[in-house]
Amino acid sequence: MSQWSQVQQLEIKFLEQVDQFYDDNFPMEIRHLLAQWIESQDWEAAANNEAMAMILLQNLIIQVDEQLDRVSQEKNLLLIHNLKRVRKLLQGKYHGNPMHIAVIISNCLREERRILAAASMPVQGPLEKSLQSSVVSERQRNVEHKVSAIKNSAQMTDQDVKYLEDLQEEFDFRYKTIQSLEQNDKNSALIKQEMLALQAMLNTLDYKRKEVLGKIGRVIHEIDVLMSNMLTEELLDWKRRQQIACIGGPLHGGLDQLQNCFTLLAESLFQVRRQLEKLDELLTRLTYDGDPIPVQRPQLLEKVNFLLYNLFRNSFVVERQPCMPTHPQRPMVLKTLIQFTVKLRLLIKLPELNYQIRVKATIDKNVSTVSNRRFVLCGTHVKAMNMDESANGSLSVEFRHLQPKEMKTSAGSKGNEGPHMVTEELHSISFETQVCLYGLTINLETSSLPVVMISNVSQLPNAWASIIWYNLSTNDPQNLSFFNNPPAATLSQLLEVLSWQFSSYVGRGLNSEQLNMLAEKLTVSYNDYQLSWAKFCKEHLPGKSFTFWVWLEAILDLIKKHILPLWIDGYIMGFVSKEKERILLKDKTPGTFLLRFSESNLGGITFTWVDQLENGDVTFHSVEPYNKGRLSALPFADILRDYKVIMADNVPENPLKYLYPDIPKDKAFGKHYSCQPNEVSKPSDGGGKGYVPSVFIPVSKILNDSTEPHSPSDLLPMSPSVYAVLREHLSPTAIETALSSPYSTD
């Protein structure tokens with residue numbers, strides 16, 4: 001079943017999450033129509049390879065054209081219209097930057113896998129549950145409702161100001177008419193009556209001025225309350241969701257909704273500002289004793305300007321945190337002299353600001369870090385914000401060619417701290433700009449979340465651990481001295497984040513049994529235990545030469561590069577102790593096996609099967625763990641298919657029959673075999689150019705007088721035809737003796 005088919009079978013609450021990340025950048029129609037083709041392409045590799053990305057983009061357009069031809073024959077007018085629009089989008093938006101569409105599709109596929117993994121979990125973790133609180137959703141709806149009400153109030157006040165202006169013009173005309181009359185005419189009864197009417201009109205003007213100022217004051221107060229409370233909380237919640245998403249959590253949304261709220265509030269404030277300017281204009285033409293405009297207008301204008309300053313300052317956000325394109329799932333870890341990207345957005349989307357705001361990027365501006373290491377940014381570090389580069393027309397700017405470069409210290413050499421010191425140093429990428437609009441000049445500043453600078457890719461795992469711990473433990477966006485005294489983390493939250501590492505990086509999260517095993521490695525009990533940073537990343541595991549995090553990171557790397565399809569299918573139990581492994585297997589049919597990660601070898605996977613001796617006793621056999629070196633030579637599924645054991649006085653046979661609990665081996669792994677097992681043929685059958693076809697067959701030997709598991713030999717280059725000849729001419733004992741000779745390897 002395709003990934004998209006699985007997505008379509010999810011519950012509505014999960015489908016709503018899927019709906020959030022499909023937009024005009026990558027329409028859902030294309031994901032649906034081209035599901036299998038899209039899933040068969042390596043978008044992640046293309047995201048870091050422009051030539052490959054261009055080929056995939058061209059092939060994507062070809063696929064869209066084929067679908068367009070099909071629906072044209074079916075005369076599906078709506079789908080024809082949508083596909084033409086999508087084709088135009090792909091050609092126009094991504095032709096100059098094909099890696100962008102590769103990144104978008106890669107992110108969508110990865111987020112689908114995360115949601116599928118979350119849906120398979122029995123319960124949501126504490127972090128994800130807090131992010132999807134019904135209280136938060138209710139507040140979002142309230143904010144949108146109040147912003148809309150404020151906008152309507154400001155527009156209604158416009159009508160009141162227009163009525164006031166018309167009333168004053170009428171008063172001005174009638175008053176000037178009387179003033180132009182001769183003195184004798186002014187004493188007539190008609191004129192006296194007109195003067196009384198003018199006095200009544202002036203009283204009405206005074207009342208309407210006070211009424212308009214009162215309405216303006218209420219609009220300003222409503223904006224002030226909304227900005228101080230709900231809107232600020234919404235923005236802080238979005239920033240927290242962004243933090244969590246950066247370390248593998250649910251994809252954060254809501255920025256477009258925030259942009260709509262910020263923009264409507266800015267438009268309302270500028271509308272109120274124009275209303276106050278109109279009142280000032282009316283004041284110059286008519287004033288009187290007790291006139292409320294000269295008393296109230298300056299205070300209201302000052303408040304409006306203050307709110308505009310704050311609104312603009314809060315609207316300048318980092319939409320996408322710094323990230324190297326070569327490591328899209330490890331944001332905020334930057335390597336010296338390697339380009340990274342970062343995207344800024346101004347949530348106040350006004351056409352007057354298009355290409356008018358120039359943003360400057362700097363590093364560690366006015367900030368003291370925990371070491372003497374200092375950096376500068378190379379590349380284009382000043383760019384203009386515009387509405388053309390984003391599919392949704394947001395006012396944004398993306399820096400794509402920034403490179404951090406380490407400066408020499410005063411001693412004349414670069415800083416040289418230990419590996420943990422380097423990966424625990426936090427730095428900040430800062431951005432500044434200036435907005436000049438309608439007589440206002442507003443200086444804006446914002447910063448990225450703390451980043452870790454590395455000079456060697458070997459530092460990446462520990463650097464990523466620092467990023468995880470920081471963003472799990474605090475919502476402070478700029479605590480660069482965090483690792484001077486890092487706080488402990490709640491075990492339940494940490495385990496949830498560790499599951500996210502698997503769901504986001506290798507497409508399948510961890511279930512409760514797997515998480516329990518990790519908890520046992522970290523602590524003695526799985527309660528709301530507080531875990532220290534040192535225990536997670538700095539102290540070696542008992543009896544081992546590596547830390548918990550290094551062990552886990554090596555497993556992630558092994559899955560990603562060598563056993564990803566098997567992991568996604570859920571056939572690798574992975575995290576199970578030797579003791580639990582034997583409990584699970586002891587009552588199973590002989591030949592039942594399971595796959596687990598090695599606890600003593602970094603980046604190793606092994607399999608253990610249960611067997612039964614002649615006397616009825618149960619025995620277990622585990623092979624020496626396969627690491628990435630051996631798995632580079634032979635796919636793991638092929639190893640499981642071809643694996644042979646030579647028992648004393650017996651012919652070689654494959655002991656692996658059923659994947660735990662009772663799945664026939666070929667049913668579980670058949671689709672992952674690189675080819676079907678070759679039929680045994682004699683040398684005369686030959687291969688190409690007269691050679692006998694050759695395959696690698698993993699072989700182990702087990703002695704009858706030992707119930708302890710033995711390590712397998714290295715993979716032996718034994719073809720099926722050669723093996724058949726050996727069986728024809730040699731006894732099993734002779735074959736076993738040959739395997740034990742100095743020319744064989746253990």
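## Charges over rings

Lysine 560 sits over the face of tyrosine 505, 5.1 Å from the ring centre. For this, NZ of Lys or CZ of Arg must be within 6 Å of the ring centre and within 35 degrees of the ring normal. Arginine 641 likewise lies over the face of tyrosine 673, at 5.2 Å from the ring centre.

The model is predicted: local features need pLDDT of at least 70 and side-chain atom pairs 80 or more, while totals for chains, interfaces and linings use all residues. Residues are numbered from 1 along each chain as its sequence is written, and side-chain values use heavy atoms, without hydrogens and water.

Strands are DSSP runs (E, at least two residues), as are helices (H or I, at least four), both numbered from the N terminus.

Strand E17 (residues 658-659) and E18 run antiparallel, joined by two bridges; pairing takes at least two DSSP bridges. Leucine 659 has isoleucine 663 in E18 as its bridge partner.

## An aromatic pair

The whole structure holds 27 aromatic pairs, meaning Phe, Tyr or Trp (six-membered ring) centres within 6.5 Å; planes under 30 degrees apart are stacked, over 60 edge-to-face and the rest tilted. The rings of phenylalanine 607 and phenylalanine 636 are tilted, because their planes meet at 40°, with centres 6.4 Å apart. Phenylalanine 607 belongs to strand E14 (residues 605-612) and phenylalanine 636 to helix H23 (residues 636-642), 29 residues apart.
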